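Let's walk through this model together, one region at a time. Have the structure open and follow along.

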There are 2 protein chains.
Amino acid sequence: MALVVQKYGGTSVANCDRIRRVAERVCQRRRQGDDVVVVLSAMAGETNRLIALAKEIQSPPDPRELDVLLATGEQVTISLFAMAAKTLGFEARSFLGTQVPIETDRAHGKARIKNIPGERLKEALAQGIIPVVAGFQGVTDSGSITTLGRGGSDTTAVAVAVAIGADVCEIYTDVEGVFTTDPNICPQARKIDRISYEEMLEMASLGAKVLEIRSVEFAMRYGMPLHVRSSFTDAPGTLVVEEDASMENILVSGVTYSKNEARITLSKVPDRPGIAARIFDPISEANIVVDMIIQNTRAGELTDMTFTVPQGDYDQALAIVERVAKEIGAESVAGDTSIAKVSIVGVGMRNHAGVASTMFRILSEHGINILMISTSEIKVSCVIEEKYTELAVRALHEGFGLDKAE
Amino acid sequence: MALVVQKYGGTSVANCDRIRRVAERVCQRRRQGDDVVVVLSAMAGETNRLIALAKEIQSPPDPRELDVLLATGEQVTISLFAMAAKTLGFEARSFLGTQVPIETDRAHGKARIKNIPGERLKEALAQGIIPVVAGFQGVTDSGSITTLGRGGSDTTAVAVAVAIGADVCEIYTDVEGVFTTDPNICPQARKIDRISYEEMLEMASLGAKVLEIRSVEFAMRYGMPLHVRSSFTDAPGTLVVEEDASMENILVSGVTYSKNEARITLSKVPDRPGIAARIFDPISEANIVVDMIIQNTRAGELTDMTFTVPQGDYDQALAIVERVAKEIGAESVAGDTSIAKVSIVGVGMRNHAGVASTMFRILSEHGINILMISTSEIKVSCVIEEKYTELAVRALHEGFGLDKAE
């Protein structure tokens, strides 16, 4: 008999029929003898509908009041779900963020979970009740409602699993698990059976949208196994667990890409101490996140500086850089939004040399020019021209043998 | 400087435009120097939408979970309202039933308010904040969300007004106040400027749908003045206050009617002790509320028994009575759903004889047959054939001089 937290996303509870179907799945698990705590998102589209309402009144909406508004989304699904479970003969009880309670800091709209007392959920379980917890929402020490930001329900699920000492946290979604790459552009993509937390973090931050990053960090910190799986089938999905010896044999676990990139280059910057700060301080003050930075020192005292920013921040970043370029006496500023980043991820890289050069060779064999490179312990990223994105992903996927069964 | 509670109903906050308009009205009152606490209903239609969702899942819905679901309606309007007030330059803060808190018993769906600690609202007021309270909802001693039943927001408003010692509780609605009768069937109906709690109670229970009965009882118990007025104009509405000497001069304050009545007659019932209980016990066990009861003793040991029930309960009540009739040996059972009740209400009746007979005379002058009569200290009700309802209301309205200015 296991203790399981099951989290269902917005598409899995998008209407009454689907809520009923999910309830049947949960009750089936109970019949098999496992204890289940359910964590739910709002119905798909509901959070956006509420944000639109708020913006009709105030733009940007007051953060505290927006949280009060958005928290209604999960309140609707958990109450409907509890009713559905009752029609199937099980006792169920909805738990709001204020009722668990999910204790957070006061950062409305992006609150962080500080603590979850597990007692009330455990009491309910002991009475044979299925606790149905509202994802995404929490409560401050002063009793105000907070929300955790987009994808926050995953984090709620993991934190609840940790709080009650669950055996596994199952994240149900509309895909079958984590794939070696995006099946939409590479039909050979395979579902990954097991992946380490660190690989999953790199996959998530690089654009695989299956799991929210914070939930993976949380699971890694507490060693809580995650099981990413489909709410439409019974097939096992992807287990996200601690790295083990078997994983090291796999050089590359996945190929990811992001088209949401833009590149800015300052040419012939006088190479003086502190020059990088002069460029990047005003960018970070504008809350723009710089990803890759490359500096090529030329002969003499001049240097070229290239970096990437999210495409949505490109115009603002370019304006800042053009102003700074004049102040520091750089010769010219150039920008490019038609670029993409492709990456390979794998814990096996730690112990195997030559993975990066294999990547460069595969790209070059397909005539793809590499514009920038960045590496970490378990990933290699290359910026390329955007038009080559799909080709590069397919070439890397095949080149590293990901299209063959493990 | 006054302390005012203002309650706005569902039609006044039916969409973002109207919420903004109501916020302007509240802020205008603040600019005039008054302190305001706002109590809001859900957007018009929202509660019905949520009930329909629940019934799609479970019918009847689980009472506890239905309350969790329905409470989202007011949560939406109070957060949007607080945003609207902020755009107008005022500080505002939403308060859920759990946050005030509005402490109730555990009767989900029809909870009664037990206590409201006014401290948090008073603290907010002292900081210059406009508290925006969710109507209709409360919280039990174990932290579960409750709702007060239909019209419960009026009760929330009065209870909050009492808790913070407000000078007046203003109930905003889509009509200009309480009228001498229904203007839809009697164009001469006039707005009443002042009315006593007791008269308002009779008006409310007899079918004038402006105020929820419990809110009037609450206001009467604590002597809280109510001001029923339109959210679309600035004109004063109707003040509901304690009876004073001037009110006694007015014989009849209003004429009300209800078409939601049905009549059941048992003929030739053997007149034995306990026979009434044999008839009415099973009806009350079926949760059917009997209104008027009339017993005509015939010569000898036989009696006729006639009573009225809500039309929606007629079929069920008739079936019960037909069963009982056989058991007790009554000769026959007859029913009639095409009846109506017209009533006159006025505290002046206490000190003036002949009001009832004037009513009977007016009805007879218009050829209207009286089927049943019931009287209380401040009202007289007659059951008539339904087709005469409008005629009777207009005749009584004119006959008691209600179409003339006070």
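In what order do the six strands of the open sheet in chain B run? The order is S14-S15-S13-S16-S18-S17, with antiparallel pairing; strands are DSSP runs of E with at least two residues and helices runs of H or I with at least four, numbered from the N terminus, and two strands pair if DSSP finds at least two bridges between them. At the edges lie S14 (293-297) and S17 (370-376) of chain B, each pairing on one side only. From one strand to the next, the twist averages 25°.

A word on the source: this is a predicted model, where local features need pLDDT of at least 70, side-chain atom pairs count only at pLDDT 80 or more, and totals for chains, interfaces and linings use all residues. Residues are numbered from 1 along each chain as its sequence is written, while chains are lettered from A and ligands numbered from 1 in the order in which they are written.

Back in the sheet, S13 (254-270) and S15 (302-310) of chain B are joined by eight antiparallel bridges, and B:Ala262 has B:Val309 in S15(B) as its bridge partner.

Now turn to helix H1 (residues 16-31) of chain A. Its end C-alpha atoms are 22 Å apart, which agrees with the 22 Å that its 16 residues should span at 1.5 Å a residue (1.5 Å times one less than the number of residues). A:Ile19, A:Arg20, A:Val22, A:Ala23 and A:Val26 are buried (20 or more other C-beta atoms within 10 Å of their own; exposed means 12 or fewer, partly exposed in between, with C-beta atoms placed from the backbone). Just after H1(A), A:Gly33 has a positive phi of about 105°.

Note on methods:
Axes fitted to C-alpha atoms, helices over the stretch in contact; angles between N-to-C directions.
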